[in-house]
Amino acid sequence: MNTIEEKLNHLNDLVINGKLIEAFDLYYGENVAMQENSLPPTVGKEENRKRELQFLSDVTDFRKAEVVSLAANDTVSYVTWSFDYTHKEWGIRNYTQVSVQHWKDGKIEKEQFFYGS
């Protein structure tokens with residue numbers, strides 16, 4: 001897989017098949033900054049890995065992750081996702097999210113998620 005689009009498609013396939021941590025370990029850089037809407041970003045692979053693991057442990061029923069659309073060039077990609085799951089604190093969540101990734105040396109160095117509250 002040489003292009004960002006090929007890597008993005010593989011990453012998305014992993015997410016759809018419930019392999020979020022495998023996707024994270026494979027495609028995210030050591031200094032990755034991940035940001036929810038306009039909240040301050042979480043910086044560093046280890047801190048973001050902990051955040052991802054916490055999220056996954058709080059999901060009680062994961063029904064769907066589906067790619068609605070995507071685009072990529074040599075440094076930036078975006079994916080529009082449709083999610084449906086139950087979270088132990090937030091309850092049933094069924095929403096659309098746009099994820100924007102900035103790539104460097106074949107890894108995501110920054111990702112921001114945009115979704116309604």
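This is a predicted model: local features need pLDDT of at least 70, side-chain atom pairs count only at pLDDT 80 or more; totals for chains, interfaces and linings use all residues.
Trainee: How many aromatic pairs does the structure hold?

Mentor: Rings of Phe, Tyr and Trp (its six-membered ring) pair if their centres lie within 6.5 Å, and planes under 30 degrees apart count as stacked, over 60 as edge-to-face and the rest as tilted. By that criterion the number of aromatic pairs in the structure is nine.

Trainee: What is the geometry of the pair formed by Tyr27 and Trp103?

Mentor: Tyr27 belongs to helix H2 (residues 20–27) and Trp103 to strand S5 (residues 91–104), 76 residues apart, where helices (H or I, at least four residues) and strands (E, at least two) are DSSP runs numbered from the N terminus. Both Tyr27 and Trp103 are buried, a term for under 20% relative accessible area, with exposed over 50% and partly exposed in between (1.4 Å probe, protein chains only). The ring centres of Tyr27 and Trp103 are 6.4 Å apart and the planes stand at 70 degrees, so the pair is edge-to-face.

Trainee: Is Tyr85, which pairs with Phe62, buried or exposed?

Mentor: The rings of Phe62 and Tyr85 have centres 6.2 Å apart and planes at 10 degrees, so this pair is stacked. Phe62 lies in strand S3 (residues 59–72) and Tyr85 in strand S4 (residues 76–87), so the pair ties together parts 23 residues apart in sequence. Phe62 is partly exposed, with a relative accessible area of 34%, whereas Tyr85, at 1%, is buried.

Trainee: How many bridges join S3 to S4?

Mentor: Two strands pair if DSSP finds at least two bridges between them. S3 and S4 form a hairpin with three residues between them, and Val59 stands opposite His87 in S4. The two strands run antiparallel, and the number of bridges joining S3 to S4 is eleven.

Trainee: Over the face of which residue does Arg93 lie?

Mentor: A charge sits over a ring if NZ of Lys or CZ of Arg is within 6 Å of the ring centre and within 35 degrees of the ring normal. Lys45 lies over the face of Phe24, at 5.8 Å from the ring centre. For Arg93, at 4.8 Å from the ring centre, the residue is Tyr95.

Technical notes
Residues are numbered from 1 along each chain as its sequence is written. Side-chain values use heavy atoms; hydrogens and water are left out.
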